[in-house]
Amino acid sequence: MKSEILRVLILLALLSANVFPQEPKPRGRRDAWPLRAKVYEPLIASTAQRYNVDPRLLWTIAYLESRFREDVVSYKNGKPCAYGMMQFTIATARRYGLTNPYNPQESIDAAARYVRDLQTRFGP
């Protein structure tokens with residue numbers, strides 16, 4: 001009787017510890033960023049070359065700010081404050097002539113010029 005109770009307790013402990021492999025979870029929208037990145041990498045590379053900036057910087061900005069989503073809006077104190085893949089504020093977008101922050105080509109171009117200007121001001 002004791003050995004049977006012990007077996008049941010061991011089985012319950014194993015089941016509660018998630019020792020057994022589980023079914024893989026379906027890939028959702030969160031895992032789609034690598035596919036979006038591949039779409040924009042040629043544009044990032046050519047724009048970086050045009051403005052003589054490291055394409056890895058532009059890639060990192062797009063990844064950190066939006067996971068390569070062009071439709072992102074960020075909020076501060078409940079109000080929208082940054083827009084698009086590269087997350088431009090209205091003032092910075094205006095300074096770089098960015099009229100549509102949701103357009104990836106325009107946004108990446110403006111971001112490259114911004115990075116170039118920052119590197120000129122602060123060094124590489």
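## Basis of the report

Residues are numbered from 1 along each chain as its sequence is written, and side-chain values use heavy atoms, with hydrogens and water left out. Since the model is predicted, local features need pLDDT of at least 70 and side-chain atom pairs count only at pLDDT 80 or more, whereas totals for chains, interfaces and linings use all residues.

## Aromatic pairs

A search of the whole structure finds seven aromatic pairs. Rings of Phe, Tyr and Trp (its six-membered ring) pair if their centres lie within 6.5 Å; planes under 30 degrees apart count as stacked, over 60 as edge-to-face and the rest as tilted. One of the pairs is formed by tryptophan 33 and phenylalanine 68, which are stacked, with 6.5 Å from centre to centre and 15 degrees between the planes. Tryptophan 33 belongs to helix α2 (residues 33–51) and phenylalanine 68 to the loop between α3 (55–66) and β1 (73–76), so this pair ties together parts that are 35 residues apart in sequence. The names of these elements follow DSSP runs, numbered from the N terminus: helices are H or I runs of at least four residues, and strands are E runs of at least two.

The two partners differ in burial. Buried means under 20% relative accessible area, exposed over 50%, and partly exposed in between (1.4 Å probe, protein chains only). Tryptophan 33 counts as partly exposed at 24% relative accessibility, while phenylalanine 68 counts as buried at 1%. In the pair of tryptophan 59 and tyrosine 63, the ring centres are 5.5 Å apart and the planes are at 10 degrees, so this pair is stacked. Both residues lie in helix α3, four residues apart, about one turn of the helix. Tryptophan 59 is partly exposed, at 25% relative accessible area. Ring pairs link Trp33, Trp59, Tyr63 and Phe68 into a cluster.

## Arginine 67: a charge over a ring

Arginine 67 lies over the face of tyrosine 63, at 4.0 Å from the ring centre. A charge sits over a ring if NZ of Lys or CZ of Arg is within 6 Å of the ring centre and within 35 degrees of the ring normal. Arginine 67 is placed in the loop between α3 and β1 and is partly exposed, at 33% relative accessibility.

## Salt bridges

Side chains of opposite charge can pair when their charged atoms come close. A salt bridge is defined here as a side-chain nitrogen of Lys or Arg within 4 Å of a carboxyl oxygen of Asp or Glu. The structure holds five salt bridges. In one of them, aspartate 109 meets arginine 50, and the closest N and O atoms are 2.7 Å apart. Aspartate 109 lies in helix α5 (residues 104–122) and arginine 50 in helix α2, so the pair ties together parts that are 59 residues apart in sequence. Aspartate 109 is buried, with a relative accessible area of 15%.

Another salt bridge joins arginine 69 and aspartate 71 (3.9 Å, N to O). Arginine 69 is partly exposed at 27% relative accessibility, and aspartate 71 is partly exposed at 48%. Aspartate 117 also forms a salt bridge with arginine 116, the closest N and O atoms being 3.4 Å apart. Salt bridges that share partners join Arg50, Asp109 and Arg113 into one network.

## The largest pocket

The search uses a 1 Å grid over the protein atoms alone and a 1.4 Å probe; a pocket is an open set of points with protein on both sides within 12 Å along at least five of seven lines, and lining residues have an atom within 4 Å of a point. The largest pocket has a volume of about 150 Å³, where volume is the space filled by probe spheres set on the points, joined across faces, edges and corners.

Its lining includes Ile61, Glu65, Gln87, Tyr114 and Leu118. Helix α5 gives the most to this lining, with four residues. The lining residues divide into seven nonpolar, three polar and one charged. Ala, Val, Leu, Ile, Met, Phe, Trp, Tyr, Cys and Pro count as nonpolar, Asp, Glu, Lys and Arg as charged, and the others, Gly among them, as polar.

## Positive phi angles

Most residues other than glycine have a negative phi. Arginine 67 has a positive phi, near 55 degrees. Glutamine 87 also has a positive phi, near 55 degrees. Glutamine 87 is found in the loop between β2 (79–83) and α4 (90–95) and is buried, with a relative accessible area of 10%.
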